[in-house]
Amino acid sequence: MNILITGGSRGIGAAAVRLFAARGDRVWFLYEKSYEKARALSFDTGAVGICCDVADEAAVQAAFRELPPLDGLVCNAGIAHYGLISEITPDAWRRIFAVNVDGIFHCVRAALPGMLQKKDGCIVTVSSMWGQVGASCEVAYSAAKAGVIGFTKALAKEVGPSGITVNCIAPGVVDTEMNAGLSGDTRKELKEETPLGRLGTPLDVAKACIFLSSEDGAFITGQVLGVNGGLVIV
């Protein structure tokens with residue numbers, strides 16, 4: 001399979017790149033800033049990294065011109081914001097939506113023609129448990145990730161008749177650079193609040209991506225899979 005993973009140079013994206021490559025897929029990944037990590041990942045896996053800001057439609061279109069028709073797309077690129085709603089600037093608000101929501105729109109629009117032509121394909125989006133239930137002091141992030149869920153469900157209905165599956169993964173607290181600033185006490189509390197007693201790993205989420213893009217997940221579409229250790233159950 002030809003697979004593209006956005007936000008692929010680190011964290012969940014890098015774990016997904018490694019798993020898909022190990023499965024024998026031809027893998028490409030988009031990254032914005034982490035050049036050294038992207039280069040190392042390419043060297044380790046054979047995957048091809050393309051520098052691209054998914055919020056920039058022209059950049060996405062240029063990146064897709066380097067790709068063959070895709071069998072699978074994993075929309076993982078995202079950024080977070082923590083702070084009171086009264087303190088976030090309009091520019092920061094727009095950037096959260098530009099990356100987390102517009103980025104998926106740009107990539108899906110670029111990938112769909114090839115999938116529609118062959119009437120086959122798999123799209124996986126990455127939201128968050130906060131997109132399901134909301135988080136205090138993360139209004140922008142929660143709203144954007146809720147948008148990802150709505151996008152996924154609607155798209156699944158639209159392209160299902162063309163044989164394309166569209167599903168969403170909603171991770172919980174995952175031990176990535178995005179959460180590296182959590183204090184030891186906070187991490188301890190989160191582990192205690194999680195029924196499975198630990199934080200998630202990038203591999204936990206990457207395995208869900210593999211499942212949803214495999215024959216085992218071929219009759220699943222329009223669903224939100226919570227990979228959160230039971231911290232949020234909806």
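In which strand is Asn167 found? Asn167 is found in strand β6, where strands (E, at least two residues) and helices (H or I, at least four) are DSSP runs numbered from the N terminus. The model shown here is predicted, so local features need pLDDT of at least 70 and side-chain atom pairs count only at pLDDT 80 or more, while totals for chains, interfaces and linings use all residues. Residues are numbered from 1 along each chain as its sequence is written, and side-chain values use heavy atoms, with hydrogens and water left out.

View 1. Asn167 counts as buried because its relative accessibility is 0%; buried means under 20% relative accessible area, exposed means over 50%, and partly exposed lies in between (1.4 Å probe, protein chains only). Leaving aside neighbours within four places in sequence, Asn167 is in contact (heavy atoms within 4.5 Å) with several residues, including Ile123, Thr152, Leu212 and Gly222. The C-alpha atoms of Asn167 and Leu212 are separated by 7.4 Å, although these residues are 45 places apart along the chain. The side chain of Asn167 also reaches the backbone oxygen of Ile220 at 2.8 Å and the backbone nitrogen of Gln223 at 3.0 Å. Such a polar contact is a pair of N or O atoms within 3.5 Å; within protein, one must be able to donate a hydrogen and the other to accept it, and residues adjacent in sequence count only if both atoms are side-chain atoms.

**View 2. The largest nonpolar core.** A nonpolar core is a set of buried Ala, Val, Leu, Ile, Met, Phe, Trp, Tyr and Cys residues joined through side-chain atoms within 4.5 Å. The largest one has 38 residues, and among those with the most contacts inside it are Leu4, Leu30, Phe64 and Cys107. Elements that each supply at least two residues of this core include β2 (26-31), α3 (57-64) and β6 (164-171), while α4 gives the most, with 11 residues. Leu30 touches, among others, Leu4, Ile50, Ala63 and Cys107, not counting residues up to four places away in sequence.

**View 3. Ser162 in a loop.** Ser162 lies in the loop between α6 and β6, and Ser162 is buried because its relative accessible area is 15%. Apart from neighbours within four places in sequence, Ser162 is in contact with Leu116, Lys119 and Asp120.

**View 4. The second largest pocket.** About 220 Å³ of space lies in this pocket. On a 1 Å grid over the protein atoms alone, a pocket is an open set of points with protein on both sides within 12 Å along at least five of seven lines, whereas a cavity is a set where a 1.4 Å probe fits but cannot get out; lining residues have an atom within 4 Å of a point. Of the 13 residues that line the second largest pocket, Asp120, Gly121, Cys122, Ser213 and Glu215 lie nearest its centre.

**View 5. The largest cavity.** The largest cavity has a volume of about 50 Å³, a volume being the space filled by probe spheres set on grid points, which are joined across faces, edges and corners. Residues lining the largest cavity include His81, Leu84, Ile88, Glu138 and Tyr141.

**View 6. Ala40 on a helix.** Ala40 lies in helix α2 (residues 35-45), and Ala40 is partly exposed because its relative accessible area is 39%.
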